Protein chains: 2
Amino acid sequence: MKIETILPNRADKGLPFLLQYENVARYDDGTIYVLDRRVYPHKVEFVRCENYHQAAQAIRDMVTQSGGPRLVASLGMVSAAREAKAKPLEEARAILNQAAFELSHARPTTSQDLARQIDHLRRLAEEALIHGQDPEEVTLAHTYRVLDERYRNARKIATFAVDLLPERVTILTQCFAETLIGFTLLVAKEQGRDVSLICPETRPYLQGARLTASVARGLGVPVTVITDNMPAFILSRKMAQVFISAADVITLDGHVVNKIGTFQIALAAHYHGVPYYVLGNPSRSHAQISSVTIEERNPQEVLQAMGVPTTMEGVQGYYPAFDITPPHLVGAVITSKGVFSPYDLARNFSVESPLD
Amino acid sequence: MKIETILPNRADKGLPFLLQYENVARYDDGTIYVLDRRVYPHKVEFVRCENYHQAAQAIRDMVTQSGGPRLVASLGMVSAAREAKAKPLEEARAILNQAAFELSHARPTTSQDLARQIDHLRRLAEEALIHGQDPEEVTLAHTYRVLDERYRNARKIATFAVDLLPERVTILTQCFAETLIGFTLLVAKEQGRDVSLICPETRPYLQGARLTASVARGLGVPVTVITDNMPAFILSRKMAQVFISAADVITLDGHVVNKIGTFQIALAAHYHGVPYYVLGNPSRSHAQISSVTIEERNPQEVLQAMGVPTTMEGVQGYYPAFDITPPHLVGAVITSKGVFSPYDLARNFSVESPLD
């Protein structure tokens with residue numbers, strides 16, 4: 001089944017290579033191909049997963065990140081549905097249950113809404129089997145519709161963001177805001193804005209240099225990579241007029257949890273009178289920042305660069321993956337419902353929405 | 001001539017490998033061996049210079065940095081003096097003049113005081129020749145005496161710095177403050193302080209990870225490397241009680257020009273109430289910050305890490321080598337004369353001192 005059959009008007013149109021659905025992950029006759037974001041753009045390689053176990057393994061191995069694991073986990077359920085369809089119902093159910101469990105537990109911090117999405121696919125597959133439909137087709141169609149809806153949502157957020165930008169603007173960003181930065185640049189270009197981008201490289205994994213810069217380049221947006229010690233200098237020289245990032249979590253009390261480094265850029269932006277806009281919907285599962293734990297990753301990862309050791313043996317590393325930017329450094333929270341003050345989120349986002 | 005003959009009580013005693021005189025650069029029978037700081041500690045290699053041309057080339061190639069080029073340029077003059085000594089006086093003079101010119105112009109931004117030091121060596125060599133002394137011995141002895149005096153000076157500054165530290169302290173630093181951070185850690189240990197260090201890796205050249213962390217490790221000081229996007233988080237978690245850096249220039253109006261990234265760490269330190277101390281003597285050749293130009297280096301350098309490209313072709317880089325920290329973010333300027341407010345430098349440092 002081709003994507004175009006399910007989505008005659010797909011929302012990724014105009015986005016560059018890295019953000020096109022097939023280049024996040026694609027499904028072809030039971031096999032899932034996942035773009036290896038760990039080596040992109042140095043190498044363009046797809047990791048091949050022949051079944052849901054291998055899909056879970058690819059997620060565990062961090063072959064993809066950001067929105068990628070969500071698609072891979074969903075395609076893993078499609079693969080499980082294919083495996084289940086020739087089996088007796090009880091056995092088919094067991095396969096689907098096992099797949100849903102494995103795929104939701106591939107990473108320790110899988111979000112509740114991803115777990116919900118996987119469980120929803122499990123139920124769809126089961127119902128399809130009961131009603132004599134093809135569970136593989138049903139789950140694949142659903143996966144692509146959800147994916148497309150997420151992209152439309154990102155485009156809405158990006159459009160609100162572009163509304164706040166000056167006609168001629170250089171955006172400073174951080175890490176890889178995926179569809180949110182992709183659509184912001186695309187919509188700005190569609191509107192004829194004169195837009196350019198500055199990306200901190202975002203050590204230790206260099207997502208800024210490897211992914212964000214590639215997306216800008218793919219859109220023909222002039223892009224400059226800097227090292228992570230340069231944002232304050234960039235801002236002091238008025239080389240950027242706005243700082244924009246996505247967030248791993250926006251809490252209802254207005255704190256932004258995002259890739260390490262966001263906080264110090266927000267601080268420098270505030271000092272220089274440059275607004276910081278965070279893009280994304282607040283999380284109703286985090287009413288307060290106190291409920292967020294900052295994940296620490298393997299400290300060895302900061303002791304290498306592109307696989308080469310950077311220091312002497314016996315030196316320790318430390319790798320907090322995220323930091324917290326307090327609301328007084330946040331100029332606006334730009335959501336699919338519009339633009340909000342970081343102090344006015346609880347009232348507007350406490351109730352469950354289908355996009356969460 | 002062994003160093004110990006000239007300096008029976010050398011000031012580098014107790015310092016680790018990287019800061020010992022012979023491991024900055026050593027002179028042996030006309031040959032200069034320069035530790036290649038570009039690859040240390042991954043590899044411990046000395047670049048061999050057989051004459052002053054090669055010494056100038058090593059400086060141009062940035063084999064060494066920080067205090068290194070000063071010693072290499074001086075040893076280049078020693079090598080020129082050796083070459084000159086068998087020659088008729090006019091020819092010897094021509095060699096010395098040529099060497100002084102080449103060595104002072106190896107880098108575009110060689111400081112005035114290094115130029116003065118090289119010219120002083122040239123005059124010493126010439127006088128030695130006239131008075132039938134050995135110009136090689138005279139210049140070598142002078143080079144080591146000046147080097148030793150610089151180390152004693154650094155120890156003085158470090159001792160004033162340690163006086164300001166709490167008994168138990170984790171220092172956050174930036175880049176490689178060379179003897180200043182080396183002596184700060186050494187003096188703290190001598191005084192029985194419980195001291196540890198956090199170094200940002202300092203991209204693109206990773207001097208923090210490669211050099212500073214190695215110096216701390218060599219002294220047995222617990223040391224943690226972080227990436228350059230982590231200092232604000234470290235400070236927010238109260239993991240460091242002081243931020244210390246050296247400076248390329250401290251202007252008489254209290255601005256600190258230092259390795260890119262210093263400014264944003266100082267900003268984060270100030271926000272969190274953590275003092276920032278800059279170590280070094282103010283420069284009387286810079287009465288005001290307006291006289292300082294920020295050097296921009298080859299932008300290609302930020303587009304690689306440890307020699308591996310980090311982004312897509314066509315992406316631009318930008319590499320300002322230094323940034324400027326304004327006096328209101330500086331808690332104290334710690335000099336060989338003692339501790340000063342950044343607002344009170346002109347009165348104390350406008351007059352030339354032999355150490356400048």
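Start with chains A and B shown together: about 4800 Å² is buried between chain B and chain A, and carbon and sulfur atoms give 67% of that area. Buried area here is the accessible area (1.4 Å probe) that two parts lose on being put together, summed over both. The model is predicted, so local features need pLDDT of at least 70 and side-chain atom pairs count only at pLDDT 80 or more, while totals for chains, interfaces and linings use all residues. Residues are numbered from 1 along each chain as its sequence is written, chains are lettered from A in the order in which they are written, and side-chain values use heavy atoms, with hydrogens and water left out.

**The interface**

Select B:Asn229, B:Phe233 and B:Gln264. In chain B these lose the most area to chain A, together 14% of what that side buries.

Next, pick B:Glu201 and A:Arg203. Their side chains form a salt bridge, 2.6 Å from N to O. The term covers a side-chain nitrogen of Lys or Arg within 4 Å of a carboxyl oxygen of Asp or Glu. Across this interface the rule finds 2 salt bridges.

Now select strand E13 (residues 316-317) of chain A and strand E6 of chain B. They run parallel and are joined by 2 bridges; A:Gly317 has B:Val225 as its bridge partner. Strands (E, at least two residues) are DSSP runs, numbered from the N terminus, and two of them pair if DSSP finds at least two bridges between them.

**Strand E2 of chain B**

Move to residues 31-35 of chain B. Is this strand enclosed or open? Strand E2 is largely enclosed by the rest of the structure, because 5 of its 5 residues are buried. Buried means under 20% relative accessible area (1.4 Å probe, protein chains only). In a regular strand the side chains alternate between the two faces of the sheet. Colour B:Thr31, B:Tyr33 and B:Leu35 for one side of E2 and B:Ile32 and B:Val34 for the other; both faces are covered.

B:Asp28 stands opposite B:Thr31. The hairpin of E1 and E2 has 2 residues between the strands, and there B:Asp29 takes a positive phi near 50°.

Finish with strand E3 (residues 46-49) of chain B. E2 and E3 pair in the antiparallel sense over 4 bridges, with B:Phe46 as the bridge partner of B:Leu35.

Conventions: Buried < 20%, exposed > 50% of the residue type's maximum accessible area, 1.4 Å probe, protein only.
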